[in-house]
Amino acid sequence: MKKTFLLFFVLIQINIYAQAQKVKDNFNVVIRTEEGDLNNDGLIDKVFVKMDTIDQTQPLKLEIYFLEKNGKYKLNVATKNLMKAQYPNGKYGGDQIPDIIIEEGYLLIGSEIGKNHFWHKFKFNNGYFELQKITNVVWDGQNLTTETDFNLLTGQRTEITKALGSEKILKETTKKIIVKPLPKINDFRAFDSKLN
């Protein structure tokens, strides 16, 4: 009888553990969607930003699907690294859910992270989505904005500071930063990258 009870108890624990594992990764709420040709094959691909609403931190995941000639979609990218969870420490972190745009074969991801407004530009190349350009606008909370344009292909990084509502450049700095290899979308973390 004790052995039967022990076996029954172990089976219940295994079942509970298996269910907890299934619930752990439940990205079933689509927050953003975009369509366009990302791999230059003339077929319309799909991009999704999904949220796991069961996880208390509400993490986000980017998924990219390529349309194949047979009419079926094939998953090419699925990454949770790119975007910060909405409630990283049990309370709202303040970051907006990123926008996604497909434009001329590029995937653009627009994020608001604190006072920073980013656009990260990726291109499908050699079987991977590589980060090719970062633009960033930061408001100082008073009267100045600083716009940063970083072309990772050429290594040119330019910062321009202007007064709000003015096109007059108050300060401009340019430097060369060579990044090799280019960051890939699966590994890139937009919210804590030193490249920003």
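Two strands count as paired here if DSSP finds at least two bridges between them. With that in hand, the predicted model shows an open sheet of four strands, laid out in the order 1-2-3-4 with antiparallel pairing. Strand 1 (27-36) and strand 4 (73-79) sit at the edges, and each has a single partner strand, so one side of each is left without a neighbour in the sheet. On average, neighbouring strands of this sheet are turned by 25 degrees against each other, direction ignored. Strand 1 and strand 2 (residues 45-52) run antiparallel and are joined over eight bridges. In this part of the sheet, Val29 stands opposite Met51 of strand 2.

Next come the aromatic rings, which make up six pairs in the structure. Take Phe48 and Tyr65: their ring centres are 5.8 Å apart and their planes stand at 75 degrees, over the 60 that edge-to-face calls for, so this pair is edge-to-face. Phe48 belongs to strand 2 and Tyr65 to strand 3 (residues 60-67), so to speak a link between distant parts of the chain, 17 residues apart. Phe48 is buried, because its relative accessible area is 17%, below the 20% cut-off for that label.

Another edge-to-face pair is formed by Phe122 and Phe188, at 6.2 Å centre to centre and with 70 degrees between the planes. Here, too, distant parts of the chain are linked: Phe122 lies in strand 7 (residues 116-125) and Phe188 in the segment after strand 11 (169-176), 66 residues apart. Both of these Phe residues, Phe122 and Phe188, are buried. Elsewhere, Phe66, Phe124 and Phe129 are tied into a cluster by ring pairs.

Lys50 lies over the face of Phe48, 5.5 Å from the ring centre, while Lys121 lies over the face of Tyr106, at 4.2 Å from the ring centre.

The largest nonpolar core has 30 residues, and Leu62, Ile64, Leu82, Leu107, Phe122 and Ile185 are the ones that touch the most other members. At least two residues of this core come from each of strand 2, strand 3, strand 5 (99-103), strand 6 (106-113), strand 7 and strand 8 (128-139). Strand 3 supplies the largest share, four residues. As for Leu107, leaving aside neighbours within four places in sequence, its contacts include Leu62, Ile64, Phe122 and Ile185. Among the other residues in contact with Leu107 are Leu38, Val47, Ile101, Ile102, His120 and Lys121.

Terms used: Residues are numbered from 1 along each chain as its sequence is written. This is a predicted model: local features need pLDDT of at least 70, side-chain atom pairs count only at pLDDT 80 or more; totals for chains, interfaces and linings use all residues. Side-chain values use heavy atoms; hydrogens and water are left out. Axes are lines fitted to C-alpha atoms, for helices over the stretch in contact, and angles run from 0 to 180 degrees between N-to-C directions. Rings of Phe, Tyr and Trp (its six-membered ring) pair if their centres lie within 6.5 Å; planes under 30 degrees apart count as stacked, over 60 as edge-to-face and the rest as tilted. Buried means under 20% relative accessible area, exposed over 50%, partly exposed in between (1.4 Å probe, protein chains only). A charge sits over a ring if NZ of Lys or CZ of Arg is within 6 Å of the ring centre and within 35 degrees of the ring normal. A nonpolar core is a set of buried Ala, Val, Leu, Ile, Met, Phe, Trp, Tyr and Cys residues joined through side-chain atoms within 4.5 Å. Contact means heavy atoms within 4.5 Å.
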